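This report goes through a structure part by part, beginning with a contact between chains and ending with single residues. Please look at the sequence and the structure before reading on.

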Amino acid sequence: MAAEQAVNLVIVGITLGAVYAVMALGLSFIYGITKIFNYAHGAFFTWGAYFAWMLSSGYLHLPYPAVVVITVVIMFFFGFGYEKAFMYPLRRFAGWDITAIIVTLGSALLFDNLALALFGTRAKRMPYLVEGNFVVGGFTITRHEVVTLIIGLAIMVLLILFLGKVRQGMAMKGVAQDQTGARIVGIPINKIFSYTFAIAAALAGVSAILLAPKILVYPTVGWVVFIKAFVVMVFGGVGSIKGTAIAAFILAMVEAFVTFYLGGIWGTPIFILVLIIMLTIRPKGLFGTW
Amino acid sequence: MLEVDQVNACYGEFHVLKDVSVRVSEGELVVIFGPNGHGKSTLLKTICGLLPSVSGRITFDGQPITGLSAEKIVEMGLVYIAEDRHLFPGMTVLQNLKLGAYTPHARAKEAENLEYVFQLFPKLKDRLNKNASTLSGGEARMLAIGRGLMSQAKFLAIDEPSLGLSPIVRRDVFRTIKEINTGGISILLVEQNVARIAEMADRTYLMEDGRIVFEGGKDEALKDEHVREVFLGI
Amino acid sequence: MVVSKILRKNAFMLGALLVLALLPIALRGNAHVLNILSACLIWGVVASAWDLSIGYASVWSFGHIAFFVIGGYTGAMTVMYLGIPPEAAIPLGGVAAAVIGILIALPCLRLHGIYIAMVTFGVHLVLSTFILRWRDYTFGATGLSGFERIQLGQYVFSSSVPFFSYYVIFGVSVLLLFIIYRVINSTIGLAFVGLRDSEPFAKSLGINEYKYKLIVFGISAFIAGLMGALYTSFYGTVSPFMLEVSTFLMVLIMLMLGGLGRFPGAVIGAFVITVLSEALRPLVLWRFVILGAIVITVMIAMPQGLMALPQTIKSFARRVTQRKQIKKDSIKTSSI
Amino acid sequence: MKRQKLVKLIIGFGLVAVLAISIPLVSGCTSPAATPTPEEEPIKVGIATTITGALADDGRMHVRALEMARDRINAEGGLLGRPVELLTADLGNYTPTELAAVRDTLKSAGVDMVNYNWAVYPAVTDYLMEIDSLVMHHGWVSVDWQEWYDNKDSFPYWMTLNQTEEGYGVPYFQALTNPEMVTWDFPNKKAAIIVCDLDYSVVQAEWWREEAERAGWEIVLYEIHPVGNVEFGAQMAKIRQENPAIIFMSSVISTEVIAAYADFLENPTDSLFVITWVINKPEFWSAFGEQADGVLGTVPGFFMVDSAYTGSNPEYQTYYAKGRAIWDECLERYGERPSLQTICADDSFWVWAEAVERVGSVDDYDAIMEAMFDYPYVGATGTYGFDRDTHAGSYQAGNVPLGFYQIQGGEVITLAVGEGENAGKNIEKITDFQVPWWLE
């Protein structure tokens, strides 16, 4: 019996970890490459969830694969447009990175409340990606959790390949490491910035699709995930995919086990305590690079 | 090949470049001297599109490039090699070189250019998979120049290549620059160190307080009294 | 001579102070408006204290709303359980916040930027757990209320006695803003700015980074905590609702809208945001949508914040005239 | 140099002046423009409720009740011949600034009565008392009421419809294990309790738990989670391991209950899923549709939503007729079923309106209250006889019936109604219990 309990908890931890990691990677991407701390990332998640909801159980009732694809595409353009509309105009001035922070704060306020005004406070439910369970030995694992894990890991692998092998990805890494250097070799910074936001928003959309069936869709849902993603990003070290993934799994496991043994109320405090201990040992997170 | 005509530029609220006109013909190696902080680097950055100019005209290969973005200018073959190098510290030497060939134009000739860079700097070939941050000053300088060449450069704008290098390394660097130039790439070089480079230059300019105060052909600079006074203390 | 010089040098601030001092009389004690003004002042001081940390010392603390709430709870609880007179409880709130601030600064000493933000935000996240768990004393989510208020003769310090209370808040705010102003212009302030602008250089001058980090945490947490206690006493209630993201977001927006490191920008930001958010109240659900849109628009139009407005205009004008001058000159020279 | 300072000065003065001018303009929005003649001067009813924030749905349900009541009374010629006017003030997220704004706007508008739902936040009580007009509070949360009770000497004009919170954990457990109501053989005597960290929910859970333990049940999980928590993976892991016969979720926040139930549905155990207050909220059933079938819940007050009352109790028939009328009107007018909030708000309005009619004045608060004490009011949720000490229409599940519900076919069906101290033991059965679909 104890084994089943442990396995269940590990599964909870791993699936949550995969989602946090995807979300944190987006945040880390934006911060690492553009040096903007994007407060609106929670709002990206919220809107990704609302788009998915509108396409699925809300209005259009499309088949799920279509929902996933369309949501990701919408979020990609959402992020792209967001950068073009709100971040790009700021960049004519020196010290724009600080201004950008307040614009992201303002847009978090705007987008959260837009969702509230349009859809109300009432929480919306999203169907699971796939219904049903696998029964392996004595353990029951839901299909949704398996899919979540696969998608999460696939995204991480794809990102590592993208940044390491693909020219555009390497260019992004280049911008992260030295913006002037990137301009010297002819990397179009403005485009890279836009695509960075676009990819990050698409990642937020993916994590919304994966997590929303569990934690619902409501106007402030993004903040719950945003704060966790923030902790994960810092814990793993900004810019390190490996670090983010490990941090996400560690923290999600800690949370699952603490909630189980000590109660849900201690989840956050222990989460933070682990982070502080970690940062005292390694001030730049597990694998901070950028 | 490059014509800078009456260019003015400001750094914040400081008026740095004042009616600067510079000309580089095809295949030439032109050197701009001048004391530190008198606008030489600003001129190169303005030419390469990293800083906007306030007025004036810059043409490259017969096409106006004033106000174009840095990436378009690189695409045309005008490549800037910065004084503080701006390498990608977290990437390997090879990755740095590959990113040098970012523009579509350069990508087509990537293998060819890589070959050329290794031929010029055989040392880089040994360090291919080392992180750029681990290179010594001279190696980093070589990598910066090599990365510039990877951009399929027709024209290099090099900012103080000798800065912070030991005399021996410095000589190596200068020799390589000359070699590149003889290979058919025009070069505009900014330097404080007159004595050595002036011998190699086809033409020289002297810049003081944001203005061009002297222009001369091969070997003329070292004979000019004002230049000698300023730089050699004679 | 000296007096007139001081007057001239601080004309803006003195003028603003005079108007703020006379407003209640002009408004004939309109309770609603006076309470809004009091809220403006309180948030103005909190935002300024926060600015001391973020704007001047460039220590990205995200714990200031937590310090504010800690001050509030300390103030209320010392009055309720220890029987301390409410006047004394208010500075005690500041002391408690400063102690927590310095404690949390310790693990932050070796950290930078966003890592400090996370650790300090940790305090914010954990605080509500402690308040809820310590139910016997804090009454959990219900919050505390009904504790003794400051009383001066027949006047009670409370939002239901707006005229008197406004002047109390005005006095405390002016005093604290003056202290912040002095800190900014003291050697401590200069050290902050030095560390912000060029850490290696500041270190070479013998400025001890750790020491100043502790000082900045201490001072700004003290002021935030004190204002928290004052706020709690003024409104007669404190609860974990204050720790919701919305408060954090609004105060951070006030601070940044005014302009980072541009005293008294944060105060102006607090006035603008508080008044705007009251003015937009009739819009109900669309209120914060519009507020967010205004913030974005203002920042895109004036990226340096409200406080830099005169400067932005001036430098813009200067750049234009400079450009014109350059163009004129080059035409002249080229025609020669 | 001098000119610059002057410019600064002018900008400074200008800025502050603009602010100073804009504030009165803002507050001007709420004050009426013209003064009508005394006989047709409207009676102002203030509504203190949550229009925005996490509890906005409750606020909407609250305001709807009063809008319907206002239109009904105005169509009949008004109250004492004067039209009734509503003034809604938003409690939002209960920040002190918002509370002060509610108080200041309602006070300056000179409302004759303040209608207030509930906040689990006693500070609201403090602020409403300062308005100095009669407060009609429709209850269920003892902290709000307790705050008034502790200060009753300084402010007597507070009336609470229901003060029943502590009563309903015990009868709820009793009803669940009452074979007359729940016709299902419990596979074990284990219960898991998930509690939201709000006093209101914690108190209920404590009473429920005590009663369960008294009846020899084993509590395999007693988990208090932070307010607003939406991740229940770890709790469900434990539940899946223990497989208890009852999962009791004590939370007033619909989002939490929906999230927990959604997680439960992913891999249901052999348990009854039992909730409290949220069962009456359209938020809950609209999120699940048919999937919500089988969930059990309870709400104090006679609240027949989807099922008709077919019993013999004549009092209940009166309640039902009244409740049904509001229900139909709400559905027709707003296209949505009411929640208990709506029905109770309606009752709290008419208690007051009836007393005002009896007295013939809106501002003689003492007389109005005397009228309430003297004449019990028969409403849609029960009969309210106000107590002179507690000022409560029903006290600790006393005279107001308690309803036990199950969602069947996507509708909230009343299984049984009970009353008094043995509300859970001595019940009147209304509808048959259905074994939830996941147990079949």
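## The interface of chains A and C

Chain A and chain C bury about 3,900 Å² between them, and 84% of this area lies on carbon and sulfur atoms. The model is a predicted one. Four helices of chain A, namely α3 (64-87), α4 (96-119), α9 (221-236) and α11 (267-281), each supply at least two residues of the side that touches chain C. The most comes from α4(A), with 15 residues on that side.

In terms of residues, 46 of chain A are in contact with 40 of chain C. Zero salt bridges are counted between chain A and chain C. Polar contacts between these two chains are counted for three residue pairs, with both residues at pLDDT 80 or more.

## How the chains touch

Five pairs of chains touch, and the pair with the most contacts is A and C. Which chains do not touch, with their nearest C-alpha atoms 19 Å apart? They are chain B and chain D.

## A nonpolar patch on chain C

A nonpolar patch lies on the surface of chain C and is formed by M80(C), Y81(C), L82(C), W134(C), Y137(C) and F139(C). Together these residues have about 620 Å² of accessible area. Helix α4 of chain C, residues 64-82, gives the most to the patch, with three residues.

One of the patch residues is L82(C), and its place is in helix α4 of chain C. Is L82(C) buried or exposed? L82(C) has a relative accessible area of 61%, so it counts as exposed, the cut-off for exposed being over 50%.

E4(A) is placed in helix α1 of chain A, which covers residues 2-34. Which residues does E4(A) contact, leaving aside its neighbours within four places in sequence? These are G138(A) and F139(A).

E4(A) and F139(A) are 135 residues apart in sequence. In space, their C-alpha atoms are 6.4 Å apart.

## A lysine in a loop of chain D

K281(D) is found in a loop of chain D, between β9 (272-275) and α10 (282-288). The relative accessible area of K281(D) is 3%, so this residue is buried, the cut-off being under 20%.

Two polar contacts of the K281(D) side chain can be described. One, of 3.2 Å, joins it to the side chain of D58(D). Another, of 3.3 Å, joins the side chains of K281(D) and S254(D). With residues up to four places away in sequence not counted, K281(D) touches D58(D), S254(D), V252(D) and S339(D).

## An alanine in a helix of chain D

A205(D) has its place in helix α7 of chain D, residues 199-214. A205(D) counts as buried because its relative accessibility is 0%.

What does A205(D) touch, not counting residues up to four places away in sequence? The residues are I193(D), V195(D), Y222(D), F248(D) and S250(D). Of these, S250(D) is 45 residues from A205(D) along the chain, and the C-alpha atoms of A205(D) and S250(D) are separated by 6.0 Å.

Terms used: Residues numbered from 1 in each chain as written. Chains lettered and ligands numbered in written order. Predicted model: local features only at pLDDT ≥ 70, side-chain atom pairs only at ≥ 80, totals over all residues. Heavy atoms only, no water. Buried < 20%, exposed > 50% of the residue type's maximum accessible area, 1.4 Å probe, protein only. Polar contact = N/O pair within 3.5 Å; in protein donor to acceptor, adjacent residues only side chain to side chain. Contact = heavy atoms within 4.5 Å. Patch = residues over 30% accessible without salt bridge, like charges linked within 9 Å, V, L, I, M, F, W, Y side chains within 5 Å. Areas by Shrake-Rupley, 256 points an atom, 1.4 Å probe, with all protein chains shown as cover. Salt bridge = Lys/Arg side-chain N within 4 Å of Asp/Glu carboxyl O. Buried area = accessible area lost by both parts, 1.4 Å probe.
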